[in-house]
Amino acid sequence: MSTFSAEKVRAQFPFFSHHPNIAYLDNAATTQKPQVVIDSITHSYISANAPVARGLYSLAASADEHYANARSTLSKYFGAGNSTKCIFTSSATASINLVANSFVKSRLNKGDEIWLTPLEHHSNFLPWQRICASSGAVIKWIPMNPISGDIHWEKCDALFGQKSKFIAITALSNVTGAAIDIKLVCQRAAKASIPVLIDGAQLVAHHLVEFDKLDCDFFVCSAHKMFGPNGIGLLLAKTQRLEQMQPDILGGGMIDWLGHTFEDNQWSSLPRSFEPGSANLSGAIGFSAAAQYMNQLRQADVQDHIAYLGRHLLSELSNINGIRLLTAPENAKNGIISFFHDTVHPHDIAQVCADNQVAIRAGHHCAQPLFNRLSIQGAARASLTIYNTQRDIQILLTCVQRAIDEFAL
Amino acid sequence: MNTDELKQTLLKHYRQPAHRTTTPFPPNYKVGKGINPACGDDVEIGLELDSLGNLIDAQFRARGCSICIASSSMLMTILSKMQSKPLPNHELQTLKYALETWLTEPTLKLPNELPEVLLPLSLVKSMPARKKCVMLIWHALENAIPM
């Protein structure tokens, strides 16, 4: 029997002590932080703060150990074993840029193809657009239904064809909540020897990831979308792929020996060669604490809770006149519910919500390729997580109705 | 005007905007565009000027929220009072700057240099993220004519 209680979970997040009446439904943008994560960061500054991989004194050695432990915890959490490496970056965005600039760019020739889904966030579009512009390669869109997330496999020959050099896809849309069958994409891409990057920014919020079993080449995510601190993210990559990459951002801590010429430089061993500059120790410790926090939650309970709220919200919204849904019923379980009204602008819906302490997102959600394809200007989005309750849903629905009453033409 | 009256006036500009068009501007119109990257809203202003630079007509096209539409309507009301005269570019620049400044200041009272029609925008002072919605049409104006 489930012992999950959103109210108990909510009590673990000090943010809600300061904002007891807020209905925070913008979790796809960023999540609140539990006390254990905040404590771990505070503790790191109080007792463990020292440069990583630089000092000879005991505190510096201890910082090295904390940093390595955080990496190890996260590697285990994401199911990344010995054949993979876990690189700390500043965000999922930074991780994608790293792969684009250090791995893909030098492999592209004119006419080559990089394949994306129409659901991609700008962070998984712009880096590819840039390297295509400089190489003469082209971006291709995977044939699919962007609302359901179903790939039209019968039209995917070119996706795994000769010209296809890289596939970069989201695991879970930040707009429609559609989950892509990333496992099947990875399997088919592996057979065709096409490297794959999975943007897991939204997936990691509620789903366990087993990187090695997934068998993708690269996986990226950010800590702040899974109850961890801002400013730190991960690149999980097969060692073989990292060994094929050249460092992109250069600086201290990532070089063993500075040569007389650039070609003579000897980069540090993995993973440090891709982590230039001073390490974000507190971020790594906080990220690791967030993974441990998620580990002690029962995944099935978490997913049941979010699925229940998502389905309830979707069902209620579908009963409101003039509301159009971008989230399909089968995807409501993923807790990302996007919608718009025939005549009320999403900003006006979000403003009425804001006036009543309901935090939602409105606009194009950094996913303009999707909105262009759907010929829609923008949408309102409620994104749910473990600390959301029925009350949050109810007050949102009241606000949506109020916005319609006030602004509908 | 009390808050409710200001709100009703703002909503009136949104529901019945002045000089809004849904058709493309004629080719002789000077057109300027404003885009809000945060939400994808876009507005266009179209100005018809005669050979002497006198304003003949001003219209706007918009895909935007209530505040964006209302602010556009207010600017059209201001411009309608400038018809048949050369566009006072410098004065419009001063108005734009005064409006931007006023929106960030706590005082609700409209500065002397700003026309009364803009007063309902005082409601936006408590919504920092919506100031861009107000200014979008003014950016479009700036793009249409050198200010």
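In this predicted model, the largest pocket has a volume of about 450 Å³. Its lining is made up of 18 residues, and those nearest the centre of the pocket are A:A350, A:Q351, A:A354, A:I360 and B:A129. Three elements of chain A each contribute at least two lining residues to this pocket: the helix α12 (346–355) and the strands β13 (358–359) and β14 (361–363). Of these, α12(A) gives the largest share of the lining, with four residues. Sorted by class, the lining of the largest pocket comprises 10 nonpolar, four polar and four charged residues.

The contact between the two chains was examined next. On one side, 14 residues of chain A are in contact with 17 residues of chain B. About 1,300 Å² is buried between chain A and chain B, and carbon and sulfur atoms account for 45% of that area. Of the area that chain A buries against chain B, 39% is supplied by A:H347, A:Q377 and A:E406, a share greater than that of any other three residues.

Two salt bridges link chain A and chain B. One salt bridge pairs B:R130 with A:D348, and the closest N and O atoms of this pair lie 3.0 Å apart. On the side of chain A that touches chain B, the elements giving two or more residues are α12, β14 and α14 (390–407). The residues on this side of chain A divide into four nonpolar, seven polar and three charged.

The largest cavity holds about 70 Å³ of space. It is lined by A:N27, A:A28, A:T31, A:L172, A:Q202, A:A205, A:H206, A:N334, A:G335, A:I336, A:S383 and A:L384. By class, the lining of the largest cavity consists of five nonpolar and seven polar residues, with no charged residues. The lining of the largest pocket, in contrast, includes four charged residues.

Note on methods: Residues are numbered from 1 along each chain as its sequence is written. Chains are lettered from A and ligands numbered from 1 in the order in which they are written. This is a predicted model: local features need pLDDT of at least 70, side-chain atom pairs count only at pLDDT 80 or more; totals for chains, interfaces and linings use all residues. Side-chain values use heavy atoms; hydrogens and water are left out. On a 1 Å grid over the protein atoms alone, a cavity is a set of points where a 1.4 Å probe fits but cannot get out, and a pocket is an open set with protein on both sides within 12 Å along at least five of seven lines; lining residues have an atom within 4 Å of a point. Grid points are joined across faces, edges and corners, and a volume is the space filled by probe spheres set on the points. Ala, Val, Leu, Ile, Met, Phe, Trp, Tyr, Cys and Pro count as nonpolar, Asp, Glu, Lys and Arg as charged, and the others, Gly among them, as polar. Contact means heavy atoms within 4.5 Å. Buried area is the accessible area (1.4 Å probe) that two parts lose on being put together, summed over both. A salt bridge is a side-chain nitrogen of Lys or Arg within 4 Å of a carboxyl oxygen of Asp or Glu.
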